[in-house]
Each structure stands twice: as C-alpha cells, then as structure tokens.
Amino acid sequence: MGMTITEKILAAHAGRPAVEPGEIVTCKVDLVLGNDVTAPVAIKEFRKIGVDRVFDPERVALVASHFAPNKDIAAATQAKEMRDFAREQGIRHHYDVGDMGIEHALLPEKGLTVPGQVIIGADSHTCTYGAVGAFSTGVGSTDMAAAMATGTAWLKVPETHRFVLRGKLGRWVSGKDLILYLIGQIGVDGALYAAMEFDGPAIRSLSMEARLTVTNMAIEAGAKSGIISPDEVTLAYLRKRAQYPLRLYRSDDDARFARTYEFDVSRLEPQVALPFMPENTRPISEVGDVPVDQVFIGSCTNGRIEDLRIAASLLKGNKVHDGVRCLVIPATQGVYLQAMREGLLEVFLEAGAAVSTPTCGACLGGHMGVLAEGERCLSTTNRNFPGRMGHPKAEVYLASPAVAAATAITGRIAHPEEVARHVA
Amino acid sequence: MSPEAGRSEPLRGRAHTFGENIDTDRIIPARYLTRHDPAFLAQHCMEDEDPTFASRVQAGDFIVAGPNFGCGSSREHAPISIKAAGVAGVIAPTFARIFFRNAINTGLPILECPEAVAGIEPGDDLEVDFATGAIRNLTRGVEYQARPLPEFVLEIVAAGGLIPYVRRQLGTAS
C-alpha cells in the first residue's frame, strides 16, 4: 500500500519505513517557530524543563510580528523577552523590527522552509509552508518549548483529504478565492485533524505566492496541515533561496486518501466570506450591496508582492472612496522594498491609502486598523470571527486583494471587473 | 495508565454551555495577548461570547460546548485563561486540534462526548471523571461515557502535562 506525501515525510522523521493515519509518532523537527505572542509563553515553559540550551539554535526561528513595532509597554516587554532569549541562545533566525515580517511570509522568502521538512510553529498559520512541500503544523507554546528542548514533537499521523481542482481560473480569481471556496464547501471543521492535499491543473497553474495563500488557510477548515507536492514552480522558487537541502516527495498512486474531492473551478467567481465564519462564503455576485468603513490589504494570507501588484493595478489612477479607510501592509521588509522599487507604494499613497511597516497587527485586532463597534471591514486576512479585528460587534468580510482594491474604490464590496472596466 | 491518573476522583460542578465553533478569539480576544499571566487572562475568559462569564464562573465548574471548540489561533492563552478562571474541564463533541494539544499539554482536562453535550442544559450539576471519561448529569439523572483519550495522550495527562512528561524523558525531573 502506498503512502501520501504527508505520511512519507512523517515516516522519514520518525525513523520508520512507513506510518499509518491515527498512529502517534515522535518526529524530529527541522524548524521550530514562535512569535512575540507565543514565544514568551514557550520560553517560560522551556525554563521549567531543566535544560540550558535549545537543541539547535540554527533550527529555531523567532519572529517579532504580532504586536511589532511594539504597540504598548506590555507588548514591548514580550518582544524583549524573546529578544533576550534569542541572544542568550545564539538564535540567528531572530527577526526583529527592521528585518522582520509576518512569519509565514518571511520564512519562505528567506528560504528557511523547504520540501520534505517537518516544521512546527506556535502559530496556527504555520500550515502555510505546505505550499513548498513541507509538513508544517501549528502548535501551542508548550509544544514549542518541548521541541526547543528535545528537537522532537509528538504528532498523530493525519488522514489525508485530497482536493483535485480542475479548470482554468478566471482573470480575477486567485488562490484566495480557491481556498475560500473550498472552506465554504466543507466547513470550518470539514478537514478536522486531517492533512489537506491540494492538486490538479488549477493548483499547478498557481504561482508559489498564490499556493502559500491556499495552504495558509487550511487551518480555517480545521486541518492539521495543507500540502502541495513540489513541482517546477516550487523548484524555481527555491533555486536561489533554499537554506537547506530539498527532499522531494509526492503521494503514491495507490496512497490512501480518506476523502477525495474534485471541483471544476473554471467558472468560479471571486469569493467573499461573510461574518462571522470563514465558511460563510458566497460568490461575489450574491453578496449584495455592502458598504464598508475600512479595507485592509495585507497579512500572512495576502501581503506578498503579487497581492500588492494586483491591488495597485486597480488602485492606479483611482481614489479610495470618501469615508473609507484603506490600509496596505506589506508582509515583509523584502515585500515592502520591492513594492517601493516597483512604484506600488506611490500608487497606494496617491490613491489615499495608508501604508505601514510589516506587522500582523490589523489582522488580529491588535493594533494598526482596529475596528469600532458597528464598523465593517473588507479584509484580505484569514479570519472573520466576532471581535477578530476589534470590537465584537464589528464585521469582517474576507476576500482577495483584487476584491479589496475594487471595494476601496467603490466604497462597497465590488467585483474587480467593475473597476477595471471603468478604468479601461 | 500511570498511578497518578488512577488517583483522580470525579469532580462536581455546574455546566456553562456554549455553541459550536467557539474560536480562540472568543475564548480570549487578541487585545489581551500583550500579557500572559494566568490571573489577568482569567478576567477576560470568554469575554466576547459572554461578558458575564468570568464573574459568574465558580471554581470547579465545567464548560460544555458544541463541536470544534477552540478553533482558530494557536494561542495557549485560551486554555490558560479557562484553567485560571477555575474551570475544571471542558466537554465538547470535538475540539479543534491545536486547542486539543494545548489543553493536554497544559493540564486542562477535556473530554469528547457528543451525547453528553446534547443532554446537558445550562446550570446542570455534573460529576465528571476525566480519567475514566464517565460523565453524570446529577440534575437529570443521566450518565454518559466519553470517548477515551489515546494511551499516549493519557501518559502526558498522567504526568501532569507535557513539561513534566519531557522532564521525565530527559531525566531532568527532580
């Protein structure tokens, strides 16, 4: 009986010829990740273990992302706890203000996430790195502490749900629309405990950046991980950046998939997730007339250069609608610099959008763009739970950067075609 | 199972019920994540779902919730706030997987039992044995048996959480 790519990676890290779904195995981890919210708790737990040093300072990554640049004294204290720990332990992959970014955009960009790795991170969107063909999953701070001490993690081998997407995507349909559509189809616990494996011509046609958006939101369907087996797109992306050797796996033809879904996405419209669940997804033509107070473009889901390019292509020569606040936050320092070089920042600023240094802040209602009671935001982020971006009675609608830009211009949730036609 | 787990006794407390897909933003909103001391987090436990919860909950009470409890973020602040609020344990048909790990790792008892969740009303008096999975609804005189936790997971529970478990493995336990 064959194995899935996920089973192969976990078996290799458990020192076993094969593993089966449901088994609990202890795996070596290639990379352990934490941020300024989760690492301080992990450091506190690490101190209780009774070892002085992390298992390998080259395999721990600490990213000041959530409340960075420090939003207040309490946040500053947490960032300092992480900074002090990084210095004490000689952790080189500590990314602070000035060279940081949102972790799940930053680590792939830096080439720290490569095919065949096992990565655990104390952040739920750690599942993002499956886009390069790694097994990566979110855990809590105590798991992070234990992994920093031992270089291992206990993992239940997940069953795999396979999603085969066929068809050619429409002009305004992106990776974000695909994953929102799938979550709408299967629900926020539709892949609970499972690995989501994405394949098919529509997935293969996506750039690496778009693939990172797809796997990023696997957690929003309850999944343990999302994964796309490596191909030429993966290799081209990694050619100049991979920091570790690549181990390329793919699922065997006779691998067992607990479920296989097939979708033809050639007629898919841009998707919007209405409050208050990412599964509450509709094609944009069925959303109706929804005015907004704020538009946010950024996050680990959609703050990469391609996201900013498509937003800028619509905002160029246009103005953000009266009464709408539009925030653009490049996900990393690298994305920010590239956007500046390409003139995208100028487009945003001339359109009347605000542009900020990288931070997770707005996505989780932390800082930078917090919503008041009764306000409504169209956001390129990943969650629209009550209170996610501020007041529990604020509303968040999730969509792609193209829909976000069109919405910023019209002041209500709009199909990008509407603006593009107008510009043309 | 280790002797510690065998020592546990049934706990008695009142049920606080919640709906399905209770996410970690509702358990502990991100605006409070600039701090991680348990007493502070306890004051804001479940705040955006029920602002009165933190003041109403009594030590030893239970949270009884719908499927996929704890979905969303990986913040361990969620089980920490629940435990520090005095909640003795959480019963749900299913848990989001990171929350499940975090609860086990930090020593917040949890049980998966759809039948119990369907039969328990707000304020019911419960007697729960987290080691055996036996749940008795004392108000209604009904008993339920929760799905057993995997043996490996029970070893972590018996050790008192992941950190004591790892200390034992590494031989750093005093």
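This is a predicted model: local features need pLDDT of at least 70, side-chain atom pairs count only at pLDDT 80 or more; totals for chains, interfaces and linings use all residues.

Reader: How do you know that chain B and chain A are in contact?

Author: Contact needs heavy atoms within 4.5 Å. By that rule 43 residues of chain B are in contact with 52 residues of chain A. The two chains bury about 3,800 Å² between them. Of that area, 62% is on carbon and sulfur atoms.

Reader: Why is R388(A) with D25(B) called a salt bridge?

Author: The cut-off is 4 Å between a side-chain nitrogen of Lys or Arg and a carboxyl oxygen of Asp or Glu. For R388(A) and D25(B) the closest N and O atoms are 3.1 Å apart. That value is within 4 Å, so the pair counts as a salt bridge. Across the interface of chain B and chain A the rule finds two salt bridges. It also finds 19 residue pairs in polar contact there, both residues being at pLDDT 80 or more.

Reader: Which elements make up the side of chain B that touches chain A?

Author: The elements of chain B that give two or more residues are α2 (24-27), α5 (77-84), α6 (97-106), α8 (151-159) and α9 (162-170). The largest share, seven residues, comes from α6(B). By residue type, this side of chain B divides into 18 nonpolar, 13 polar and twelve charged.

Reader: What makes D30(A) and R59(A) a salt bridge?

Author: Again, set the value against the cut-off. The closest N and O atoms of D30(A) and R59(A) are 4.0 Å apart. The rule asks for within 4 Å, so the pair is counted. D30(A) lies in the loop between β1 (24-28) and β2 of chain A, and R59(A) in the loop between α2 (39-49) and β3 of chain A, so the pair ties together parts that are 29 residues apart in sequence. Over all chains, a search of the whole structure finds 34 salt bridges.

Reader: How do you know that β2 and β3 of chain B pair?

Author: Pairing needs at least two bridges between two strands. Strand β2 (residues 62-64) and strand β3 (residues 89-92) of chain B have three bridges, in the parallel sense. Three meets the requirement, so the strands pair. F62(B) stands opposite G89(B) in β3(B).

Reader: What makes β4 and β7 of chain B edge strands?

Author: Look at the order first. The open sheet of seven strands in chain B runs β4-β3-β2-β1-β5-β6-β7, with mixed pairing. β4 (110-112) and β7 (142-145) of chain B each have a single partner strand, so one side of each is left without a neighbour in the sheet. Neighbouring strands of this sheet are turned by 25° against each other on average, direction ignored.

Reader: How do you know that β3(A) and β4(A) pair?

Author: The requirement is at least two bridges. β3(A) and β4(A) have two bridges, in the parallel sense, so they pair. V63(A) has Y95(A) in β4(A) as its bridge partner. Both strands belong to an open sheet of five strands with parallel pairing, in the order β4-β3-β2-β5-β6 of chain A. At its edges stand β4 (94-95) and β6 (135-138) of chain A. Helix α5 (residues 141-150) of chain A packs on the sheet and touches β2 (31-35), β3 and β5 (118-121) of chain A. The direction of this helix makes about 140° with that of β2(A).

Terms used. Residues are numbered from 1 along each chain as its sequence is written. Chains are lettered from A and ligands numbered from 1 in the order in which they are written. Side-chain values use heavy atoms; hydrogens and water are left out. Buried area is the accessible area (1.4 Å probe) that two parts lose on being put together, summed over both. A polar contact is a pair of N or O atoms within 3.5 Å; within protein, one must be able to donate a hydrogen and the other to accept it, and residues adjacent in sequence count only if both atoms are side-chain atoms. Helices (H or I, at least four residues) and strands (E, at least two) are DSSP runs, numbered from the N terminus. Ala, Val, Leu, Ile, Met, Phe, Trp, Tyr, Cys and Pro count as nonpolar, Asp, Glu, Lys and Arg as charged, and the others, Gly among them, as polar. Axes are lines fitted to C-alpha atoms, for helices over the stretch in contact, and angles run from 0 to 180 degrees between N-to-C directions.
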